[in-house]
Each structure stands twice: as C-alpha cells, then as structure tokens.
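The stops below are given in the order in which to select them.

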Amino acid sequence: MENTQDIFDPKPKKFIVWLFVVSSTIMFGGFTSYYLVFAASKGKGHGLVLPDAFIYSTLLIIASSVTLMLASRALRKLNFGLQRKMLWLTAILAFGFGFMQFVAWNSMVNTGATMVGNNAAISFIYVVPLMHLFHIIAGLGFISSSLAGSYKNIPLAKNKFRMEITSIFWHFIDILWIYLYVFLLLNR
C-alpha cells in the first residue's frame, strides 16, 4: 500500500503561481490604465525626469534574472554548489533592487516630487513601484524556498519544482518592472 504523502503532484501549486501571475498582471494593467485615463483628463503626465536610481535598479533586476537562469542550469547539471551561489547572488541583487527603489524615491522627495501633492500622477511613481517591491519580497520567499531545497536532502523532483516556480515568478516580476519603467519613461 502506497503512502499518499509520498506522492508529489506539483500541478496544483504551479497553477496557484500562474494564477498569481495573471492576477498581478491584471492589477498592474489596471494601475497603468488608471494612469493613462488620469493623465489624459489632465492633459499631462507626471512631468518628472525619473531618477537614475531607477536605471540602476532595472540593471540589477535584469542581472538577477541572469543569475537565476544560471542557478536553474546548475541544478539541471546537479551542481548544487553553483546553484546555491547563484541563488544567493540573485537574492543579493533583489535586495540591491529594493535599496535602489528607496534611493529613487528619496531623490524624488528631495526634488519636491512628493507623494502627497497636487499631481496624482506623481503618486503613481511611488505606489506602483511599492506594489512591485511587495512582489519582490514574495519572490525572495520563492528564492528562499529554492535555497532551502538546495541545502536539504529532498528528492530531486521537488528541488527542480522549487526552482521552476521560483523562475516563473521571478522572471515575471522582472519583466513586469521593465514594463513599468518603460511605461513611466514614455508617459511623462
């Protein structure tokens, strides 16, 4: 008689991750649609030159996607040491991304572009990246799970599954940030 706890079915968990990706896409689509409607009704966008820190955070998040791909490749080759190193590097880059977001917001506050003011479009530049930062924190949870799997003696199928859902989620939030950054650049 087979123990039902030994059966590993990743489909329901993967479905939940994809559901979260789709719902997040809808949420950020709603944010950007709101911004377009607001800006059209006022006849102007946010009118800011975006801080350079947003460029640096974009480069950090792109680098984090590369390191995560290298971690996945290392796992496929059963090189758990390299997988761990690349996952740690991905996490460090994610923290760097978050830090650069705060640097960007601080730069905006120093130029007088505060969240509470007469231009709601400027508030968008604070709120949307903050919501994205919450997704980065969730992504760090996935990275932590993959790291834990690389250190534990778990079945290879579970280790690969953890890396797969981490990759799905992480690459999604990377692409999402690039979209948001380009959207902000084009709608000022």
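The tour starts with the whole chain and then moves to single regions and residues.

**Ground rules.** This is a predicted model, in which local features need pLDDT of at least 70 and side-chain atom pairs count only at pLDDT 80 or more, while totals for chains, interfaces and linings use all residues. Residues are numbered from 1 along each chain as its sequence is written, and side-chain values use heavy atoms, with hydrogens and water left out.

**Stop 1: the whole chain.** Color by secondary structure. The chain has five helices and zero strands, in the order α-α-α-α-α along the sequence. Helices (H or I, at least four residues) and strands (E, at least two) are DSSP runs, numbered from the N terminus. Of the 188 residues, 43% count as buried; buried means under 20% relative accessible area, exposed over 50%, and partly exposed in between (1.4 Å probe, protein chains only). Switch to a surface: the accessible area is about 10,300 Å², and carbon and sulfur atoms account for 69% of that. Areas come from the Shrake-Rupley method with a 1.4 Å probe; for residues, only the protein chains shown count as cover. Among contacts (heavy atoms within 4.5 Å) between residues at least 6 apart in sequence, 82% join residues at least 24 apart.

**Stop 2: the annotated spans.** Select 15-41, 53-75, 87-104, 124-147 and 168-186, which an unreviewed UniProt entry lists as "transmembrane region". UniProt positions are given in the numbering used here, feature names are shortened, and annotations may be inferred rather than shown by experiment. Residues 15-41 are 100% helix and 0% strand, with 39 Å between the end C-alpha atoms. For residues 124-147, also 100% helix and 0% strand, the end C-alpha atoms are 34 Å apart.

**Stop 3: the salt bridge.** Select Lys-14 and Glu-164. Their side chains form a salt bridge, at 2.6 Å from N to O. Lys-14 is in helix H1 (residues 11-42) and Glu-164 in helix H5, so the pair ties together parts that are 150 residues apart in sequence. A search of the whole structure finds one such bridge, defined as a side-chain nitrogen of Lys or Arg within 4 Å of a carboxyl oxygen of Asp or Glu. Lys-14 is partly exposed at 25% relative accessibility, and Glu-164 is partly exposed at 34%.

**Stop 4: His-135.** Is His-135 buried or exposed? With a relative accessible area of 6%, His-135 is buried. His-135 lies in helix H4 (residues 120-151). Leaving out residues up to four places away in sequence, show its contacts: Phe-20, Ser-24, Met-27, Phe-28, Phe-169 and Ile-173.

**Stop 5: the loop at Leu-78.** Move to the loop between helix H2 (52-76) and helix H3 (80-110), where Leu-78 is found. Phi of Leu-78 is near 60 degrees, a positive value in a residue other than glycine. Leu-78 is partly exposed, at 47% relative accessible area.

**Stop 6: a nonpolar surface patch.** Select Ile-55, Tyr-56, Leu-59, Ile-62, Val-66, Met-69, Leu-70, Ile-178, Val-182, Leu-185 and Leu-186, which together have about 940 Å² of accessible area. H2 and helix H5 (156-186) are the elements that give two or more residues to the patch. Which element gives the most? H2 does, with seven residues. Patches are made of residues with over 30% relative accessible area and no salt bridge; like charges are joined within 9 Å, and nonpolar side chains (Val, Leu, Ile, Met, Phe, Trp, Tyr) within 5 Å. End on Ile-178 in helix H5, partly exposed at 33%.
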